[in-house]
Amino acid sequence: MFYYYYDWTYILVLIGVLICLAASGRVNSVFSRYSRVRSHSGMTGREAAERILHRNGIYDVQVIHIPGNLTDHYNPGNKTLGLSDTVYNSSSVAAIGVAAHECGHAVQHATGYAPLSIRGALVPVANFGSAIAWPFILIGLLMNGQMAVMLINLGIILFSAAVLFQIVTLPVEFNASNRAVKVLESSGMLYPEEVSSVKKVLGAAALTYVASAASMILQLLRLVIIGGRKRND
């Protein structure tokens, strides 16, 4: 049985880990660089977020301060836009860019942006699938016969839900960044050269989502390979 756990398919997992580490290092480096560049307006991330929300006719979303670094997010359930320690009170170009990106999600929600709705519907399915998939797969690997194959296949299907969630996340994040750039350009909140800096920050952030999706796809490929081996036993 040990060949299931020590074989070449672990290379796929390793590649995924390296991709994610590279993307994470990139976004941290770029954000750190532009977090030291103060915007000409002197607006904080919170002020920028509130202005963008009001500009889009959104007055029922509360901008709140949350702990952490780059933990910023929009919660459609309670309509709160959480900005992290490095964004909420910061007047840097990077902070305003991140705040504008999260506002992009709020605008998506307010306008009924379809991919956001699909992603929201997939959340419980993806969470359940990612949590329960591996037990099914591991039990299947320890068994023999048709039942083992069925358990592994079920695990792969459940894991696929988590992969689908990552794929659907991509257009949601890219669209939020595009909205952020457009509003910062059209509103005059940032100078053109500052918008260029924001594009670099958001572009680096987008790579983390691409890396996460790629890593999940590689894991799914590995599971399919393992499942094929089991069927051939």
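How far away is the nearest side chain of opposite charge from Asp72, a residue that is buried yet has no salt bridge? The answer is 12 Å, and that side chain belongs to Arg46.

This is a predicted model, in which local features need pLDDT of at least 70 and side-chain atom pairs count only at pLDDT 80 or more, while totals for chains, interfaces and linings use all residues. Residues are numbered from 1 along each chain as its sequence is written, and side-chain values use heavy atoms, with hydrogens and water left out.

**Asp72**

Some terms come first. Buried means under 20% relative accessible area, exposed means over 50%, and partly exposed lies in between (1.4 Å probe, protein chains only). Lys and Arg count as positive, Asp and Glu as negative; His and the chain ends are not counted. A salt bridge puts a side-chain nitrogen of Lys or Arg within 4 Å of a carboxyl oxygen of Asp or Glu.

Asp72 sits in the loop between strand E1 (62-65) and strand E2 (73-75). Helices (H or I, at least four residues) and strands (E, at least two) are DSSP runs, numbered from the N terminus. A polar atom of the Asp72 side chain lies 2.7 Å from the backbone nitrogen of Ser84. Leaving out residues up to four places away in sequence, Asp72 touches Ile66, Gly82, Leu83, Ser84, Val87, Val98 and Glu102. Contact here means heavy atoms within 4.5 Å.

**Salt bridges elsewhere**

The whole structure holds five salt bridges.

| Pair | Closest N and O atoms |
|---|---|
| Lys79 and Asp60 | 2.6 Å |
| Arg119 and Glu173 | 3.1 Å |
| Glu185 and Lys199 | 3.7 Å |

Take Lys79 and Asp60, which form a salt bridge. This pair links distant parts of the chain, 19 residues apart. Lys79 is in the loop between E2 and strand E3 (80-83), and Asp60 is in the loop between helix H2 (45-55) and E1. Lys79 counts as partly exposed because its relative accessibility is 30%. Asp60 is partly exposed too, at 47%.

Next come Arg119 and Glu173, also joined by a salt bridge. Arg119 belongs to helix H5 (residues 114-142) and Glu173 to helix H6 (residues 146-187), 54 residues apart. Arg119 has a relative accessible area of 17%, so it is buried. Glu173 is at 5%, so it counts as buried.

Glu185 and Lys199 form another salt bridge. Glu185 is in helix H6 and Lys199 in helix H7 (residues 192-232), 14 residues apart.

Finally, Arg46 returns: salt bridges link Arg46, Glu47 and Glu50 in a network.

Notes:
A polar contact is a pair of N or O atoms within 3.5 Å; within protein, one must be able to donate a hydrogen and the other to accept it, and residues adjacent in sequence count only if both atoms are side-chain atoms.
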